[in-house]
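Thanks for coming. Please have the sequence and the model open.

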Amino acid sequence: MASSDFDPSQLSTSQQEALGTYTAVTNQDAAAALPLLERSQWNVQIAIAKFFDGEAPDPVEEARASLASSPAPPSQSTRQETLMNGFSRSPRPLNRSRFDPAPRIVPQPDSQNIYRPPFLLALLFAPFNLLYRLLSGSFRLFTYLFPFLPRLLAGSAGSRVQPRRQRDTTGRKPLSPRDTAARFAREFEEEYGHHDLKFFENGYAQAYDLAKKDLKFLLVVLLSPEHDDTSTFVRGTLLSPEVVSYINDPQNKIILWAGSVQDSEAYQVSTALSCSKFPFAALVAHTPQDSSTSMSTIGRISGLVPPSAFVPKFQSAISQHSATLERARQSRSEQQATRNLREEQNSAYERSLAQDRERARQRREEEDARLRVEREAKAKADAAEQEKQNLEQWRLWRAQSMIPEPSSSGEDVTRVSIRMTSGERVVRKFRAEAEMEELYAFVECYDVFSSSSASSKATEPPDYEHQYRFRLVSPLPRAVYDIAGGDSIGNKIGRSGNILVEPIDDEDDA
């Protein structure tokens, strides 16, 4: 799959998850990370380890390449000619890098170091190892069956045999990489006095990762306090003004990490960098010509050398490799710019999408509010229309159920003069024992009596409770004839009376 035609949709779901995890950890472009993931069989842990530790050559791929590039079998005449001329031609060398790989070293505690003997020695002692395991297994079974014997033997032998304790012969306490670096810097300053060198204040693995990330040069200095040339090298070469100014020059982009081989981390680094003589200095840098994640040793110095040879050696290595790192920096800058542009585009798209969603939400809310207002208005209009129909039906029904006007003017008859809201005066006689509601009903249904619809039959509207929107009052003295009292017309008004009809407003109800 070409990186220029890279399309994440062509990958499976597991491959997309592996690619996302790898790019999140290594901060590498997806198109550049794809070949390494394919070579790692889409194993994220192996790919991340290859990225930080450097990718070693694959023996299977080398074997395939050598088989593919090997010439055809020679003919019989060619074999005879080769035998006659002798094997003067040397085999064609493999296409290897001219730099030694520099692996990433994570210090392992001394308690976790496992000694593995050589294969021949292990094969020689295999019968004894098997016999030891059989005897130890039998002894454990014996102690399980008779648990009192080990305590008895331990008590009798404890007074004569003292346990032998393992201790560190160097007398140095194993510390974390950061604390080990701080201890080395403190001991270095105590031994050689104040100096201007800026040691990296962390472990070798952290300095290694920083050099790979920022595409800088990692200068590794390994010292052995027991070596005779260490003091001379430090005082005469490492702390010389020429070397100090060259290392501290920001234009050289050098990260200085130093350590003592008495510490476990520095010893493992010396083994990984194939150090054969102390004092030792090596220059480690990213070699993109080998692979996108490889770190190699581009320069090394072993033994005692003067400043006049120390600086030119590493200066030449840096100048030869600076162009390669500069191209890698430009490539990373372009990838970062592309990534930033893509992130800005995605961010702008997300903002635009959020704005569109917000506008759509506001439109929905406005539409819902408009529909709600329309529903409420329609409900009110329907309720008002229903109220009007119920009122008309009730008036017709109540007019039909009115007590007829008495013809005589005896003691059981009350004569009432009513002034309507329209100014019209109406005089009518009511039975004295009739309730006040009868008078209110007459005023409410007066328009029905004067219309032609009074003769039509009507029934009381269901689920309707009529409320009178007026009250009857006496002008002099002013008295309100409330319908809620439930008294009769004769007791309220007497034999005759004048009544005014006053409408009730909503404010009066409040």
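One caution before that: what you see is a predicted model.

Start with the open sheet. It has five strands, in the order E1-E5-E4-E2-E3, and the pairing is mixed. Which strands stand at the edges? They are E1, residues 100-101, and E3, residues 254-260. Each of these has a single partner strand, so one side of each is left without a neighbour in the sheet.

Within that sheet, look at E4 and E5. E4 covers residues 280-286 and E5 covers residues 295-302. The two are antiparallel, and seven bridges pair them. To find your place on the model, take Ala282: its bridge partner in E5 is Arg300.

E6 has a partner in E7, which spans residues 425-431. Their pairing is antiparallel, again with seven bridges. One of the pairs to look for is Val413 with its bridge partner in E7, Arg431. E6 and E7 form a hairpin with five residues between the strands. In that hairpin, Gly423 has a positive phi, near 95°.

E6 is also joined to E10, residues 496-503. Here the strands run parallel, and the number of bridges is five. On the model, you can find Val416 opposite Gly497 of E10.

To recap, E6 pairs antiparallel with E7 and parallel with E10. That is all I have.

How values were computed
Residues numbered from 1 in each chain as written. Predicted model: local features only at pLDDT ≥ 70, side-chain atom pairs only at ≥ 80, totals over all residues. Heavy atoms only, no water. Pairing = 2+ DSSP bridges. Helix = DSSP H or I, 4+ residues; strand = E, 2+ residues; numbered from the N terminus.
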